[in-house]
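Open the model in your viewer and keep the selection panel at hand. Each stop below says what to select and what is there.

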Amino acid sequence: MEHANTTPHIIRLTDISKSFVDGDKQLPVLNQLTLALKQGDTVALTGASGSGKSTLLNIIAGFEYPSQGELQLIGQSTKNWQDKQWSQFRHQQLGMVFQQFNLLTPLNVRDNIRFSLQLNRQKWNDWCDHLVDALGLASLLNREVESLSGGQQQRVAIARALAHQPALLLADEPTGNLDYNASLEVMSLLTSLAKAQQTCVLMVTHSEECAQYMQQRWHLENGAINADYSINHLSQTKGDINHGGQA
Ligand SMILES: Nc1ncnc2c1ncn2[C@@H]1O[C@H](COP(=O)(O)OP(=O)(O)OP(=O)(O)O)[C@@H](O)[C@H]1O
Ligand SMILES: [Mg+2]
């Protein structure tokens, strides 16, 4: 840790740029993006389709590498991280809800959730029971995930991401397949978790109702974060919303 007397950032991106190669052209997606989040910070991230929201989450998770810039996670620079450090970070600190769920399809619901625990040598515990109840999965534990509806699969993906009580949750439209009531239940679960365990949550959402559960609102536009977008939600934040640019 860099500063013993300050809370380390869970995520800190400095001047991150990312381009993809599209035939013989470069497709710029992120453009000198700067942001920082600490323990307990919760953010709703919006942005047009194709603006780079999933790319940003994938960079933070180490599934994509930035073309330029500095990425720090849990107070450490990732510059020299090898596969081992990335795996440790993902297994121990990160919970991720993918836009396409990415469930383990030959397995049932229980084993999908258990997977996150096994990576950390943890056993099924009371928290897992709580998650399963809160997400309405109790009667589905023995079902193969392939046989579930989109909304049911999404709830399994959320349970799997939270089973090992990660320090950071990256969630890509985690309520996109849920009905209104189920969405609000998921949001209340996430906010109570963030409060109780100081989990840092960065969540892509297009739902105004869901975004309101988060302390901060960020908008991804022209490859960078517009934190002023959250101006209407200032009263709900803890103050320092302008992490982008100031971090
Ligand atoms: N692996 C890749 N190779 C080439 N181009 C990519 C790759 N991944 C993403 N892109 C492009 O980068 C841009 C941003 O994609 P991204 O998936 O991050 O957008 P998004 O904001 O998550 O969109 P949506 O709201 O539709 O999910 C898009 O133009 C996409 O086509
Ligand atoms: Mg996306």
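**Before selecting.** This is a predicted model, in which local features need pLDDT of at least 70, side-chain atom pairs count only at pLDDT 80 or more, and totals for chains, interfaces and linings use all residues. Residues are numbered from 1 along each chain as its sequence is written, while chains are lettered from A and ligands numbered from 1 in the order in which they are written.

**Whole chain.** Colour by secondary structure: the protein chain has eight helices and ten strands. These are DSSP runs numbered from the N terminus, helices being H or I of at least four residues and strands E of at least two. Of the 247 residues, 40% are buried; a residue is buried if 20 or more other C-beta atoms lie within 10 Å of its own, exposed if 12 or fewer, and partly exposed in between, with C-beta atoms placed from the backbone.

**Ligand 1.** Select the shell around ligand 1: Phe-20, Leu-27, Val-29, Gly-47, Ser-49, Gly-50, Ser-51, Gly-52, Lys-53, Ser-54, Thr-55 and Gln-99. A residue belongs here if its C-beta atom, placed from the backbone, lies within 6 Å of the ligand. The elements giving two or more residues to this shell are β2 (25-38) and α1 (53-60), and α1 gives the most, with three.

Strands count as paired if DSSP finds at least two bridges between them. Ser-19 stands opposite Pro-28 in β2. Which order do the strands of the open sheet follow? There are four, in the order β2-β1-β4-β5, with antiparallel pairing. The edge strands, each pairing on one side only, are β2 and β5 (76-77).

**Strand β3.** Select residues 42-46: four of the five residues of β3 are buried. Four bridges join β3 to the parallel strand β8 (residues 200-204), where Met-203 stands opposite Ala-44. β3 also pairs with β9 (residues 216-221), in the parallel sense and over four bridges; Val-43 stands opposite Gln-216 there.

**Helix α4.** Select residues 126-134 and look down the axis. Cys-128, Leu-131 and Val-132 are the buried residues of α4. They fall within an arc of 95 degrees, so they line one face of the helix; the arc is that of the directions from the helix axis to the C-beta atoms. The face turned away from this buried side carries the exposed residues Asp-126, Asp-129 and Asp-133. The cover over the buried residues includes α3 (109-119) and α5 (150-162). Just after α4, Gly-136 takes a positive phi of about 65 degrees.

**Ile-158.** Finish in helix α5, at Ile-158. Ile-158 is buried, with 26 other C-beta atoms within 10 Å. Not counting residues up to four places away in sequence, Ile-158 touches Val-97, Leu-135, Pro-174 and Val-186; contact means that the C-beta atoms, placed from the backbone, lie within 7 Å. Between Ile-158 and Gly-95 the C-alpha to C-alpha separation is 8.5 Å, although they are 63 residues apart in sequence.

Terms used. Contact = placed C-beta atoms within 7 Å.
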